[in-house]
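Could you walk me through this protein model?

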Amino acid sequence: MHFSTAGGSFFRHLRVWHAVVACLVVVAVVAFLVLLPSDGVPSVPNSPCRPVDSARGDRPPTPDLDGDGFADLVYEIADTENFDVIVVPGSAHGPDHDRATVLSRDDLGVPDDVQTGDDPWQPTVADLDGDGHADLVVSGAAQILWGGSKGPRAGGGHGRVPLPGSGYSTAPIAGDFDGDGHTDLAAFRFSNEDQELVVLEGPFKRSGAPARTVEIPSPVHEGASPVLVAGDANGDRATDLALYGSPWDPPLLFTGGARTAGGLSEKPERLPEGENVVFGDFDGDGRQDVAVGRSFVDSDDEVGTPHRRGHVGVRYGKEPGKWVTVEGGDFKEGFGTRLAAGDFNGDGCDDLAVQLTKKKETGDARFEVLRGGSEHGVGSKPWRSVRRSAPGDDGPVDGTLFAVQDWDGDGRAELALFGGDRWWITDGTARDEASFPAAPGEDHGA
């Protein structure tokens, strides 16, 4: 499973939709998953999905901090005075909120001058020093809490990635951008003085120092603070890097494994216009595909939305020169405001979760999951969807898509929605698996 976070990815804390990584937007009350095959379309026979050959193995490792085989729900959350990273361990029943671990600012060694805000971000989980244990990188200070056999612990070893200059809003994202087998980090430096893309090549020392730091002039216009997402768009095993979210630039794709100082191609490829990018193997051929969402909904609610349907453009690894467009929702409904890829039915092909949001600053979201695995992936006609609608008292207030992972280890991905200071974990079928407060120790009622 991959989430345009992957690993990365993920939550910026700036108050502008296009300027933040996986920034939580105020959206509507959303409730139970309702499975509705579009137009009654049956499953496509002879699905090409092959779990053994899935491209999911190329992705950054799942956030399994304690090494028990279950992905963990990991997030940063803060207010004006406190800063915590919360680890909710996965289990056979999904995220186990009763066993959540809270790592404070002091535990993590995060400087006092680092501020975030009220909405969660997703830290970076990756093995930076090559010892086989997942490490935790948090906040714009890029503070490292080194992992061990039982995961990163309060009072454990610390480090700090020496990012050049200042102006970083979230933790760097992980990937092997130069293809040498070591985990690297990438971050975008946004400041009034300098904007640049920074690549820190691994392996990392216990101090947090990288093997080398490469600073690349900003590929976007001045004043933009793009979101970064990692994936492998060409199947060469080196991680590629996409940037999106600039109001003046289309999404850009740097190819990894290039013969350059940072391993990224000298010039990025311009992708179709859109506001987000994800990677996933939607047709099950073992190669990652690229999806770009475009809702036509402006980040400013005062700006009217044109009378158009949102759409998702998909480029399959087997046809790198061709884009397939999938429209969804109704006119002005904002199909494509957020995307996430994950295998919700366990068939080996990734599916595409799409959020629909009419206004990005007011709550009105719902979700559709476009099933992968047909002859041409999610872009084939007709395509099927899983619609999440039925807003009501049982759904998350102001809920929005945060992450996709297989937290219960059953081979099928789940969605994590955040809203009203609560988490909602749904299983991709007709059930809500769990609901619990974002702050451990609070009531467990829905």
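Let's begin with leucine 197, which is in contact with Ala187, Phe188, Val214, Glu215, Ile216, Leu228, Leu241, Phe254 and Leu264, once its neighbours within four places in sequence are set aside. Keep in mind as you look around that this is a predicted model.

Several of those contacts come up again in the largest nonpolar core, which has 17 residues. Leu197 is among the members that touch the most other members, together with Phe177, Leu228, Leu241 and Leu264. As for where the core draws its residues from, the elements that give two or more are strand 10, strand 11, strand 12 (212–217), strand 13 (227–231), strand 14 (240–244) and strand 15 (252–254).

Spanning residues 184–190, strand 10 is mostly covered, with six of its seven residues buried. Strand 10 pairs with two strands described here. With strand 9 (residues 173–175), the pairing is antiparallel and runs over three bridges; within it, isoleucine 173 has alanine 186 of strand 10 as its bridge partner. With strand 11 (residues 195–201), strand 10 also runs antiparallel, and six bridges join the two. Here phenylalanine 190 finds its bridge partner in strand 11, at glutamine 195.

A polar atom of the serine 139 side chain lies 3.1 Å from the backbone nitrogen of alanine 141. Serine 139 and threonine 124 are 15 residues apart along the chain, and their C-alpha atoms are separated by 9.1 Å.

Let's finish with the aromatic rings. The structure holds three aromatic pairs. In one of them, the ring centres of phenylalanine 402 and tryptophan 423 are 4.7 Å apart and the planes meet at 70°, so this pair is edge-to-face. Because phenylalanine 402 lies in strand 25 (residues 400–405) and tryptophan 423 in strand 27 (residues 422–426), the pair ties together parts that are 21 residues apart in sequence. Phenylalanine 402 and tryptophan 423 are both buried. Ring pairs also link these two with Tyr75 and Phe418 into a cluster.

Technical notes. Residues numbered from 1 in each chain as written. Predicted model: local features only at pLDDT ≥ 70, side-chain atom pairs only at ≥ 80, totals over all residues. Heavy atoms only, no water. Buried < 20%, exposed > 50% of the residue type's maximum accessible area, 1.4 Å probe, protein only. Helix = DSSP H or I, 4+ residues; strand = E, 2+ residues; numbered from the N terminus. Pairing = 2+ DSSP bridges. Core = buried A, V, L, I, M, F, W, Y, C linked by side-chain atoms within 4.5 Å. Contact = heavy atoms within 4.5 Å. Polar contact = N/O pair within 3.5 Å; in protein donor to acceptor, adjacent residues only side chain to side chain. Phe/Tyr/Trp six-rings, centres within 6.5 Å; stacked < 30°, edge-to-face > 60°.
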